[in-house]
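Me: I've got a model open on my screen and I'd like to learn how to read it. Can we go through it together, feature by feature?

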Amino acid sequence: MKFEEILDELETISSTLERGDLSLEEGIDLYNKGLDLSKQAVTMLREGKGKITLLSDELGKLAENAFEVDDND
Amino acid sequence: MFNKTLSVEELNGYIHSIFLAEEMLLGVTVFGEVSGFKASGPHAYFTLKGANAAISCNLFQYKRTHVPKDGDSILVKGSPDYYIKTGKLSFNVTSVQPVGIGQLHIELEELKKKLAAEGLFDPAHKVSVPRFPKEVCVITSQTGAVIRDIYRTIRNVNQTLNIHVYNVRVQGIGAEKEIADALRKTDGMYDVIIVARGGGSFEDLAPFNTELVARAIYDCETPVISAVGHETDFTLSDLAADARAATPTAAAHLVGYNEGEYIASVFSLMSNAAISLEKILTDNQNRFLSWSKSFLAYGDKLLEKYHSRFRLKTAAFINASKFFLSKKESFLDKRLSLYAGCNPIGYLQKGYMGISKNGRRVLSVGDLAINDDITIRAKDGEVLAVVKEIKYEV
């Protein structure tokens, strides 16, 4: 799942809860689902290494190669 | 040579016929620069200048063809015409065509119109650029300032998103094909694609003004940001893209985000969810409370009803018991007094005495014989006696 999708899902959960037409059990289930998703999001964020790669087309498939940005002026 | 003297009309008429007869001059194309362009009603007039020559041009119904402006380099097609009335030579232009950069701009405008009519720039087709992308693809030249600017700008705020560079030539013949290919290959693989190029001349930016690139961008399902040239450059790729960034750095600002921002968004949504859940909880609680209240009230009522019935019953019972008891009491009293009447002690009290023999009461003289030992019981004691004589009553 992507960051954006998690956020969308959380938005849906939040607005569904906000409508308030749920039973308590449904509400708690939904909230727990949201909690799991937010944990997942934060974990994903922490796992991100922030790499930069150079793509090359190898027989129709994209390959990732190391890439160094010349960061000197 | 004419022998006679000519009138002005004759002279001009003759000159006019010469121009009409000269096939070499009919329908010629002339290159020059526009000067003194002036429209008057449906017609326009200007001077076409060469480096060291000039000719007046008439452009009748000028809107039929490309309308030039002063300074434009143009090709005009037409024929020279000698006007008898004024004796002036001019060039009647039937069509105007821009040349050089002018021509390119015209062609670009036409292409833009065509693609717009097809809906390639339709806002309804555009998708929004994700606010928090994780995988960003940059299609640009791997060398040069553009990728470095994008990299630095993103890393200034974000250390975690991944940047994937697809190297293409961004100018020159064939560059448009490389860019379009790169778009097709990377589409669907990343959260967002940036097509970027630094500033350059109109010709340098040409690949981004091609139908090939515009269509490739339009066909992408992944959101595409076009970041070509400087603020003032507008390319077809900008128009076809889901978002236009004025510069590559601006594109990096669009995709780069602080991770804290994302976490804040998550937390804010979850705190809203928590508030809503609490509300549901309170609502449920209130519903339960009001339910139990009415239930208790009902119970109280029920209890009250039974209670009063019970009270009535018990009162009746108590009354009945009392009545019964009182009856019993009087009955008992009566009995007791009766019993009291039967008590032999009573007789003794009255002065009577009782006789017993061997512990048995003597009820008749026949129970006795002479010399029997008898006991006489009185109210204040006993007498032991012996029978001396027995007399029967007749």
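Me: Let me start with one residue: does B:I374 count as buried, partly exposed or exposed?
Reply: The general idea is to count neighbours: a residue is buried if 20 or more other C-beta atoms lie within 10 Å of its own, exposed if 12 or fewer, and partly exposed in between, with C-beta atoms placed from the backbone. B:I374 has 16 C-beta neighbours inside 10 Å, so it counts as partly exposed. Before we go on, some housekeeping: this is a predicted model, where local features need pLDDT of at least 70, side-chain atom pairs count only at pLDDT 80 or more, and totals for chains, interfaces and linings use all residues. Residues are numbered from 1 along each chain as its sequence is written, while chains are lettered from A and ligands numbered from 1 in the order in which they are written.

Me: Which residues does B:I374 touch, leaving out those up to four places away in sequence?
Reply: Contact here is a C-beta matter: two residues are in contact if those atoms, placed from the backbone, lie within 7 Å. B:I374 touches B:I355, B:S356, B:K357, B:V362, B:A385 and B:V387. Take B:S356: it is 18 residues from B:I374 in sequence, yet the two are 5.9 Å apart in space, C-alpha to C-alpha. B:I374 itself lies in strand β13 (residues 373-378) of chain B. As for the labels, helices (H or I, at least four residues) and strands (E, at least two) are DSSP runs, numbered from the N terminus.

Me: How confident is the predictor in chain B?
Reply: Look at pLDDT, the predictor's confidence in each residue, from 0 to 100. Where it is low, the predicted coordinates should not be read in detail. For chain B the mean pLDDT is 88, and 95% of the residues reach 70 or more. For the complex, the predictor gives an ipTM of 0.81 and a pTM of 0.59.

Me: Now chain A. What is its pattern along the sequence?
Reply: Chain A reads α-α-β-β, that is, two helices and two strands. Of its 73 residues, 22% are buried.

Me: How do I read a helix such as α1 (residues 3-19) of chain A?
Reply: Check its span, then its faces. The expected span is 1.5 Å times one less than the number of residues. α1(A) has 17 residues and reaches 24 Å from its first C-alpha to its last, close to the 24 Å expected. Its buried residues are A:F3, A:I6, A:L7, A:L10, A:I13, A:S14 and A:L17. After the helix comes A:G20, with a positive phi near 75°.

Me: Which strand of chain B does β1 (residues 52-58) of chain A pair with?
Reply: Two strands pair if DSSP finds at least two bridges between them. β1(A) pairs with β7(B) in the parallel sense over four bridges. In β7(B), B:V165 stands opposite A:L54, and B:H164 stands opposite A:T53. Step back and you'll see an open sheet of seven strands with mixed pairing, in the order β2(A)-β1(A)-β7(B)-β6(B)-β8(B)-β9(B)-β10(B). Its edge strands, β2 (61-66) of chain A and β10 (243-244) of chain B, each pair on one side only.

Me: Where does B:Q61 lie, with its positive phi of about 50°?
Reply: B:Q61 is in the loop between β3 (54-59) and β4 of chain B, and it is not a glycine. With 11 other C-beta atoms within 10 Å, B:Q61 is exposed.
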